[in-house]
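I opened this notebook to keep track of what I looked up, residue by residue. The entries follow the order in which I went through them.

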Amino acid sequence: MLVGHVAVGLTAKRMEPTVSLGILVLAGMLADLLWCVFMILGLEHVQFKPGNGAANYFVATNIALSHSLLMDGLWAALLAVIYFGVRRHARGAWIVFLAVLSHWVLDFISHRPDMPLAPGAHISFGLGLWNSIPAAVLLEGSFWFLAVILYARATNARKRAGVYCYWIAVAILTLLWYNNLAGPPPPDPYAAPIISLGLFSLIVAWAYWMNLLRPTRLASYAAATGVRASRA
């Protein structure tokens, strides 16, 4: 659920404008970033079978460290504590916590029953939205479209780069998401986590960049009038 996790960050920015879009997108994608690292280290394992569409070719054999509900809760608490320690912003820390935890919920909706509750648990869950490409396009696509529009309307582009780089990235992410949803498996399974780690890191970097290029309307108003924006 690539764009679904990015959409969490875009939506959370609308809910709490004082938190950087970068940290919110990082929170929404944290489980996938950890999955890439754990795959590279040999701590987690997946299989890629022949066939088109993630529902057909992706088999999660061991992803409990990065994607189980218990571990996602622990990762969420850790990132929230770090954020609070740096920013001293309790509401922002709660938003970060919920953004990390949303990953399990969204993957529970999209994955087949391969989402574990905890490491060592012998039962997994999943509603299998990916089994129907039209349903996945409709539901996840609608969430993505809504988040993209909400963020665009809640922010002001300082320069043309804030317009072009935002919408071009949205288009690229949409294409990548659909290819993951309906396209073939990665050509090199061993390189997949490395390539994915690079891609996910670029998405987080883009989010931090957008936070600079597209300040919220509240921040823009405060800068223009000299009024200090409230964090409440």
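Before starting, I noted that a polar contact is a pair of N or O atoms within 3.5 Å, where, within protein, one must be able to donate a hydrogen and the other to accept it. I also noted that I am working with a predicted model.

Entry one, Asp32. I located Asp32 in helix 2, which covers residues 21–40. I then asked which side chain makes a polar contact with the side chain of Asp32, and I found that of His103, at 3.1 Å. Looking for a salt bridge, I found none, although Asp32 is buried, and the nearest side chain of opposite charge, that of Arg112, is 15 Å away. Leaving out residues up to four places away in sequence, I listed His5, His67, His103 and Phe200 as the residues that Asp32 touches.

I found Ala154 in helix 7, residues 133–154. Is Ala154 buried or exposed? Its relative accessibility is 16%, so I recorded Ala154 as buried, the cut-off being under 20%. With residues up to four places away in sequence set aside, Ala154 touches Arg14, Pro215, Thr216 and Arg217. For Thr216, which is 62 residues from Ala154 along the chain, I noted a C-alpha separation of 5.7 Å.

I placed Ile172 in helix 8, residues 160–182, and wrote it down as partly exposed because its relative accessibility is 46%.

Notes
Residues are numbered from 1 along each chain as its sequence is written. This is a predicted model: local features need pLDDT of at least 70, side-chain atom pairs count only at pLDDT 80 or more; totals for chains, interfaces and linings use all residues. Side-chain values use heavy atoms; hydrogens and water are left out. Helices (H or I, at least four residues) and strands (E, at least two) are DSSP runs, numbered from the N terminus. Buried means under 20% relative accessible area, exposed over 50%, partly exposed in between (1.4 Å probe, protein chains only). Lys and Arg count as positive and Asp and Glu as negative; His and the chain ends are not counted. A salt bridge is a side-chain nitrogen of Lys or Arg within 4 Å of a carboxyl oxygen of Asp or Glu. Contact means heavy atoms within 4.5 Å.
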